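Subject: Structure handover

Hello,

Here is the structure I promised to pass on. Please open it first, then read my notes below.

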Amino acid sequence: METPAEQACAWPGCAAHGEFRAPRSNRVPGDVGGWQYLCLDHVRAFNAGYNYFDGLTPDEIHAAQSPIAGWEKDVVRGGRMAFTFGDPHGLFEEPLRAKAPPGRWGEKGDAQALGALGLDRNATPADIRRAYRGLVRRYHPDSNGGDRSHEGKLQAVVNAFTHLKSAAGYKTESNNT
């Protein structure tokens with residue numbers, strides 16, 4: 001934050017340059033009660049004497065010192081109250097995720113199943129069938145001379161195809177093609 005050009009330190013009797021902004025009082029936020037500019041030595045003294053609890057009642061102090069201060073009861077999940085951190089300025093919010101196109105691969109597990117087949121969210125049912133056939137040929141023991149070392153990968157491919165085949169996006173797209 002820029003300070004006004006060559007403003008003197010607001011500490012009584014100090015003529016040094018006031019380059020650090022501090023509230024005029026620790027009882028009122030600076031954007032309400034105004035700001036003062038202090039030199040480095042005096043802003044250190046101000047901070048050392050700053051008392052967050054000045055002017056609070058014992059009950060308010062106890063609430064502020066509680067282990068869950070700042071956490072708010074939010075939503076009932078699984079029959080229990082969940083707590084979220086009070087974030088009035090939205091500093092810790094997750095960025096909004098782009099929603100999947102309506103009716104296509106937006107269900108839980110769709111992205112993981114598409115990944116197992118080596119596809120992305122733009123895959124069509126024809127792409128899914130093609131990838132499934134190719135991967136089954138690659139990992140099936142009959143195609144590998146009886147080698148069963150790829151059975152885990154084969155099972156993942158079969159599970160992914162089974163999941164996607166029953167997904168709304170597959171049914172919707174299959175009916176259109």
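A residue is called buried when its relative accessible area is under 20%, exposed when that value is over 50%, and partly exposed in between. By that rule, buried residues make up 21% of the 177 residues in the chain. Please keep in mind that this is a predicted model.

**The overall layout**

The chain has 7 helices and 4 strands. Along the sequence, their order is β-α-β-α-α-β-β-α-α-α-α. The chain exposes about 13,000 Å². Carbon and sulfur atoms supply 52% of that area. Take the contacts between residues at least 6 apart in sequence: 36% of them join residues at least 24 apart.

**Helix H6**

Start with helix H6, which covers residues 151-165. The helix has 15 residues. From first C-alpha to last, H6 reaches 21 Å, close to the 21 Å expected at 1.5 Å a residue. Which residues of H6 are buried? They are Leu154, Val157, Ala160, Phe161 and Leu164. Seen down the axis of H6, these buried residues fall within an arc of 125 degrees, so they line one face of the helix.

**Two salt bridges**

How many salt bridges does the structure hold? It holds 2. As background, side chains of opposite charge can pair when their charged atoms come close.

Asp127 is partly exposed, because its relative accessible area is 25%. Arg130 counts as exposed, at 53% relative accessibility.

The other salt bridge links the side chains of Glu151 and Arg148, at 2.4 Å from N to O. Glu151 counts as partly exposed, at 33% relative accessibility. Arg148 has 57% relative accessibility, so it counts as exposed.

Is His42 buried or exposed? His42 is buried, because its relative accessible area is 18% and the cut-off for buried is under 20%. This residue lies in helix H2. Set aside its neighbours within four places in sequence, and His42 is in contact with Cys9, Trp11 and Cys14.

**A patch on the surface**

Now look at the surface. Tyr50, Tyr52 and Leu56 form a nonpolar patch there. Together they have about 310 Å² of accessible area. Where is Leu56? Leu56 sits in the loop between helix H2 (40-48) and helix H3 (58-65). At 32% relative accessibility, Leu56 counts as partly exposed.

**Gln112 and His163**

Last, find Gln112 in helix H4 (residues 110-116). Gln112 counts as exposed, because its relative accessibility is 67%. Now find His163. Gln112 and His163 are 51 residues apart along the chain. Their C-alpha atoms are separated by 10.0 Å.

Best wishes

Definitions and conventions
Residues numbered from 1 in each chain as written. Predicted model: local features only at pLDDT ≥ 70, side-chain atom pairs only at ≥ 80, totals over all residues. Heavy atoms only, no water. Helix = DSSP H or I, 4+ residues; strand = E, 2+ residues; numbered from the N terminus. Buried < 20%, exposed > 50% of the residue type's maximum accessible area, 1.4 Å probe, protein only. Expected span 1.5 Å × (residues − 1). Arc of directions from axis to C-beta. Contact = heavy atoms within 4.5 Å. Areas by Shrake-Rupley, 256 points an atom, 1.4 Å probe, with all protein chains shown as cover. Patch = residues over 30% accessible without salt bridge, like charges linked within 9 Å, V, L, I, M, F, W, Y side chains within 5 Å. Salt bridge = Lys/Arg side-chain N within 4 Å of Asp/Glu carboxyl O.
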